[in-house]
Amino acid sequence: MESVGVYGFCGCKAKNKMKCDSKWEIAASETAPTSAYSSPARSLGDTGITPLSPSHIVNDTDSNVSEQQSFLVVVAIDFGTTSSGYAYSFTKEPECIHVMRRWEGGDPGVSNQKTPTTILLTPERKFHSFGYAARDFYHDLDPNEAKQWLYLEKFKMKLHTTGDLTMDTDLTAANGKKVKALEIFAYALQYFKEQALKELSDQAGSEFENSDVRWVITVPAIWKQPAKQFMRQAAYQAGLASPENSEQLIIALEPEAASIYCRKLRLHQMIELSSKAAVNGYSGSDTVGAGFTQAKEHIRRNRQSRTFLVENVIGEIWSELEEGDKYLVVDSGGGTVDLTVHQIRLPEGHLKELYKATGGPYGSLGVDYEFEKLLCKIFGEDFIEQFKIKRPAAWVDLMIAFESRKRAAAPDRTNPLNITLPFSFIDYYKKFRGHSVEHALRKSNVDFVKWSSQGMLRMSPDAMNALFKPTIDSIIEHLRDLFQKPEVSTVKFLFLVGGFAEAPLLQQAVQAAFGDKCRIIIPQDVGLTILKGAVLFGLDPAVIKVRRSPLTYGVGVLNRYVEGKHPPEKLLVKDGTRWCTDVFDKFISADQSVALGELVKRSYTPAKPSQLVIVINIYSSEHDDVSFITDPGVKKCGTLRLDLTGTSGTAVPARREIQTLMQFGDTEIKATAIDIATSKSVKVGIDFLNY
């Protein structure tokens with residue numbers, strides 16, 4: 001249940017609450033009140049905390065708040081929607097980033113420096129395998145047996161699309177059975193942990209302990225706070241770190257990680273699409289395609305090497321940037337596209353987030369959905385739905401076949417793309433409809449998809465390009481909107497990163513739309529950009545200095561009632577004092593700049609001097625114009641309960657000061673309340689999943 005209110009009420013069972021002073025606690029009510037002004041305090045007729053006058057705010061960036069722990073190695077996990085991987089660097093040689101050892105398995109036409117984000121559980125719901133191993137084992141199962149196994153893929157998007165994410169949110173496996181999302185994410189992270197520790201131990205020649213590792217997990221910047229917290233909880237369950245040792249785990253935002261890596265790029269490590277300057281010896285008159293052919297060849301040759309040298313210098317492109325210059329990171333992955341605007345702060349070249357992360361579910365999965373819609377159009381939605389349930393492994397096969405052809409799509413392609421249909425698709429369709437797949441294609445009026453006698457769907461290049469169009473159009477439209485913002489209009493560079501950035505169709509569209517506004521840069525091995533940047537972030541977390549707060553945070557208080565200023569519904573008269581209830585006392589506003597580690601302090605006093613316990617409830621909202629905790633969209637996300645006893649023999653001032661502090665960390669926010677009279681304090685992490 002969502003709760004609101006910071007109103008003291010007695011914890012005892014006395015019928016007349018007015019007569020009892022033993023203990024004060026907090027009232028709770030629903031976030032979405034039945035009336036616009038339903039007040040927890042009104043029904044209880046009691047008081048809570050009130051700001052000390054004058055309330056003082058100290059914005060104090062305390063760099064020593066988190067004790068610096070020493071780790072031998074940083075391991076970053078890029079937990080992607082479609083593919084995942086890890087990379088690591090020893091803190092003694094930070095210039096060497098090692099990408100995980102080669103995965104077993106792989107697909108024709110698809111590079112396998114990462115592994116598919118797929119997981120397989122036994123019929124007893126125990127972890128069986130991850131990645132290619134999970135997919136291949138599932139594929140080899142007898143169709144009837146496969147129905148008992150739980151196979152999950154592309155499940156990361158659930159954290160983005162679930163509005164009311166909790167620790168109990170479910171995922172649906174390929175066979176339709178439900179399983180707890182937290183378990184699946186924890187299994188996946190535990191798998192990466194075991195793989196990485198095993199590889200590190202093999203390299204070191206001795207057992208590597210988890211306590212030697214600082215872990216970094218990347219998440220999309222546009223994820224809401226509950227999803228980011230969910231990832232941290234899953235990591236705790238997987239044993240990467242613990243709430244008591246939370247600094248062992250950093251949650252890094254994907255475009256920030258990309259940004260950190262892009263700072264180090266040398267000219268030979270990137271391709272410039274824009275026609276403004278010659279890079280790599282290519283002038284604007286050279287075709288984009290030629291540049292990419294050369295780059296792909298370079299990547300292919302380097303693919304055997306898993307160690308990347310990151311020179312401890314600022315790259316040439318970066319050295320062209322001056323204090324205050326802005327650049328845009330477009331991180332296009334499997335599930336989401338994240339857009340972040342950063343600004344350079346000299347002399348150290350620290351990064352400041354200039355405009356809060358935006359984006360949406362415009363990843364390469366959108367192309368898969370379009371393909372599925374095309375299949376429904378040809379073969380019928382009823383058949384496709386049945387086929388997915390009855391032959392789940394064959395459906396996975398079909399999507400794998402599509403994936404490799406999807407990667408072959410290009411603006412200048414002229415020859416058709418062939419997609420192999422699994423035998424069980426052809427067979428099941430005949431049983432289901434009573435006629436052949438070929439017949440269905442002839443009847444469907446879809447001219448650009450033909451049947452090939454080798455058992456393949458033959459798609460014209462235009463047909464394939466049409467599958468990309470809705471997703472790419474969404475990305476371009478979103479970027480256009482962003483470029484309208486005054487903070488973004490003077491961007492010097494656009495860095496295109498993430499797995500989907502490998503798609504020539506997306507590159508061409510971005511270049512055509514924005515090539516005249518800024519220089520468009522693509523790092524080589526673009527799919528590993530985030531992974532490498534996350535390692536660099538783990539080695540030096542201080543590189544990101546300023547972020548934008550995604551939410552407004554504050555606490556619920558009582559203020560003196562001011563006639564004409566406060567709504568009459570909020571008036572509460574208590575012991576002759578007129579109070580305004582439900583006031584949202586703001587700590588920080590949505591979209592406000594927040595330095596990492598920044599402390600925001602407020603001072604309060606118990607509204608009733610005889611209170612023995614105060615409870616401060618913390619609230620958040622996506623809006624910055626919040627006045628009351630009963631406003632629409634305000635949610636409770638933390639509670640501080642402070643015992644005010646134990647002052648015998650100590651002179652307690654008439655207006656007792658309770659100092660409340662909020663510290664803004666990576667994706668965690670910690671709140672503390674201190675009773676100045678007794679130095680007693682209580683801490684809590686902001687919690688978006690359990691209220």
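Glutamate 502 is partly exposed, with a relative accessible area of 33%; on this scale, buried means under 20% relative accessible area, exposed over 50% and partly exposed in between, for a 1.4 Å probe and protein chains only. The model is a predicted one, in which local features need pLDDT of at least 70 and side-chain atom pairs count only at pLDDT 80 or more, whereas totals for chains, interfaces and linings use all residues. Residues are numbered from 1 along each chain as its sequence is written, and side-chain values use heavy atoms, with hydrogens and water left out.

The side chain of glutamate 502 meets that of arginine 407 in a salt bridge, at 3.7 Å from N to O. The term denotes a side-chain nitrogen of Lys or Arg within 4 Å of a carboxyl oxygen of Asp or Glu. Glutamate 502 belongs to the loop between strand S24 (493-497) and helix H16 (504-514), and arginine 407 to the loop between helix H12 (392-406) and strand S21 (417-420), so the pair ties together parts that are 95 residues apart in sequence. Helices (H or I, at least four residues) and strands (E, at least two) are DSSP runs, numbered from the N terminus. Arginine 407 is likewise partly exposed, at 39% relative accessibility.

By the salt-bridge rule, the count comes to 21. One of these bridges joins glutamate 254 to lysine 156, with the closest N and O atoms 3.1 Å apart. This pair links distant parts of the chain: glutamate 254 lies in helix H7 (residues 254-262), and lysine 156 in the loop between strand S11 (150-153) and helix H4 (157-161), 98 residues apart. Glutamate 254 counts as buried at 6% relative accessibility, and lysine 156 counts as buried at 4%.

A further bridge lies within a helix. Lysine 469 and aspartate 473 approach each other to 2.6 Å between their closest N and O atoms. They are about one helical turn apart because four residues separate their positions in helix H15 (residues 461-484). Lysine 469 is partly exposed, with a relative accessible area of 48%, and aspartate 473 is also partly exposed, at 35%. Elsewhere, salt bridges that share partners join Lys154, Asp368, Glu403, Lys406, Arg407 and Glu502 into one network.

Strand S21 has a covered face, formed by Leu417 and Ile419, and an uncovered one, formed by Asn418 and Thr420. S21 pairs with strand S23 (residues 456-459) in the antiparallel sense over four bridges, where pairing requires that DSSP find at least two bridges between two strands. Within this pairing, asparagine 418 stands opposite arginine 458 of S23.

Threonine 605 is located in strand S31 (residues 598-606) and counts as buried at 4% relative accessibility. A polar atom of its side chain lies 2.7 Å from the backbone oxygen of arginine 656. Apart from neighbours within four places in sequence, threonine 605 is in contact (heavy atoms within 4.5 Å) with Ile49, Thr50, Leu52, Arg655 and Arg656.

The chain as a whole comprises 17 helices and 36 strands. Of its 691 residues, 55% count as buried. Among contacts with a separation of 6 or more, residues 24 or more positions apart account for 72%. The chain exposes about 29000 Å², of which carbon and sulfur atoms supply 50%; accessible areas come from the Shrake-Rupley method with a 1.4 Å probe, and for residues only the protein chains shown count as cover.

Definitions and conventions. A polar contact is a pair of N or O atoms within 3.5 Å; within protein, one must be able to donate a hydrogen and the other to accept it, and residues adjacent in sequence count only if both atoms are side-chain atoms.
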